[in-house]
Amino acid sequence: MISATAILAASAPFWFEVERQGHHKLIGVAKVPQTPWAGGGLRLSIGGVRSPHVGEETPGTALPARCPERHLQEDRTFCVGLRRLEVDGPDAADRWWEQLRQWIRCQGVAERTGVWPPNQALDHGEAGVHHERALELARSIGLEEEYAAAWLGEPSWITDPDLRIVDRRGGPINGRAPCPRGCRRRASRNAPILRRKCARRREIASLVWMERLRLKSLDEYWRHVRASGTKCCGTMLTCPLRDDQNGTPEEEGGSPH
C-alpha cells in the first residue's frame, strides 16, 4: 500500500519543494506566494500513516512553536482544519495541499497584522465542532452576518445568557414570548410575533444552544491551555494569554509581531 506521504510527494504543488522522503515522512520547503515565506520558504516536516500531520521541521524557527491564536498546537503541529484529512489518492492529496496553502496564507496575515482572518477561523478544540454547527445553522436561516457579529463580541440576543429560549437539552421554550429578534407583524398593528408562531423557531433555538455549548467548550479549552503552562508568544494583537501575564511584550520593549 502506498503511504500517504508518498502520495503527497507525488502530488506536491509548485510551491512545495520535496527535499527528503522517508517511511511515512516527508521533508521539504513551502514557498507559498504572497506570504512572508514566498522567498526563503518554511521548512516543513510532514508525517503520518493515513491522515498526515504537518509542522515546522524545527518548531519555533519561523513561526512561534506554540500559539493557540495562530493555530500552532501543543504537540508543535499545525492545526490546518477541524479534522485531519485522510490521504488515499491524488484527489485527497490535492485537497490536503490546498488546505495547507490556505493555512499558510492565513499565517502570513497573522504574521503581518497580528490578526487571524476571522472568516477563516474556527474555534479551538471541541468548541470548533460547536462553532462549525452554529455557522451551518446561521447559514440555513439567513443569520450569517448576525451570528458573525455576535461571535466577534457584538451585543446580541444570540449570546445573551439571560435569554430564556432553550431548555436544558437545547429544545425551544417560552413559546408565548416575543421573537428574540424583535420581529413584528405589520398586518396586526405591528404586534410582536410569538416564538411559537415562528417557522424557524427550532432552528433559532438550536443556534442559541450551539452558541452556549461553544462558549462553554471554549472556556474549558483556555483553562486547559493555562493549566499546561503555555505562555503568550506576543505575536497576536488579542490573546487571552496576554491578559494573564504581567505586562505585554510592548510594555517590556518587545515587538508585537
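A word on conventions before we start. Residues are numbered from 1 along each chain as its sequence is written, and side-chain values use heavy atoms, with hydrogens and water left out. The model is predicted, so local features need pLDDT of at least 70 and side-chain atom pairs count only at pLDDT 80 or more, while totals for chains, interfaces and linings use all residues.

Let's begin with confidence. pLDDT is the predictor's confidence in each residue, on a scale from 0 to 100. The protein has a mean pLDDT of 89, and 94% of its residues reach 70 or more. Where does pLDDT stay under 50? That happens over residues 248-257, for which the model has 19 contacts beyond four places in sequence, a contact being heavy atoms within 4.5 Å. Where pLDDT is low, the predicted coordinates should not be read in detail.

Now the annotation. UniProt, in an unreviewed entry, places the feature "domain: Prokaryotic E2" at residues 18-117. UniProt positions are given in the numbering used here, feature names are shortened, and annotations may be inferred rather than shown by experiment. Over residues 18-117 the chain is 24% helix and 21% strand, with the end C-alpha atoms 29 Å apart. When I say helix or strand, I mean DSSP runs numbered from the N terminus: H or I over at least four residues for helices, E over at least two for strands.

β1 covers 16-22 and β2 covers 25-30. The two strands pair in the antiparallel sense over six bridges; pairing here requires that DSSP finds at least two bridges between them. Valine 18 stands opposite glycine 28 in β2. The hairpin has two residues between the strands, and histidine 24 there takes a positive phi near 60°, although histidine 24 is not a glycine. Histidine 24 is partly exposed, at 24% relative accessible area. For that term, buried means under 20% relative accessible area, exposed over 50%, and partly exposed in between, with a 1.4 Å probe and protein chains only.

There is another histidine to point out. Histidine 71, in the loop between β4 and α2, has a positive phi near 60°. Is histidine 71 buried or exposed? Histidine 71 counts as buried, with 10% relative accessibility.

On to charges. A salt bridge is a side-chain nitrogen of Lys or Arg within 4 Å of a carboxyl oxygen of Asp or Glu. By this rule the count comes to 14 salt bridges. Glu19, Arg20, Arg43 and Glu57 are linked in a network of them. Arginine 84 forms a salt bridge with aspartate 75, where the closest N and O atoms are 4.0 Å apart. Arginine 84 is partly exposed at 44%, and aspartate 75 is partly exposed at 47%.

Which residue forms a salt bridge with glutamate 132? The partner is arginine 83, with the closest N and O atoms 2.8 Å apart. Glutamate 132 lies in helix α3 (125-140) and arginine 83 in the loop between β4 (53-56) and α2 (90-113), so the pair ties together parts that are 49 residues apart in sequence. Glutamate 132 is partly exposed at 23%, and arginine 83 is partly exposed at 48%.

Glutamate 136 and arginine 133 are three residues apart in the helix, which means they are separated by about one helical turn.

Buried residues of α3 include His130, His131 and Leu137, and the buried residues pack against α4 and α5 (201-227). Just after α3, glycine 142 takes a positive phi of about 70°.

Last stop: arginine 181, in the loop between α4 (144-151) and β5 (184-185). Arginine 181 is partly exposed at 33%. Beyond residues up to four places away in sequence, arginine 181 touches Leu143, Glu146, Trp157 and Arg200. Arginine 181 and tryptophan 157 are 24 residues apart in sequence and 7.2 Å apart in space, C-alpha to C-alpha.
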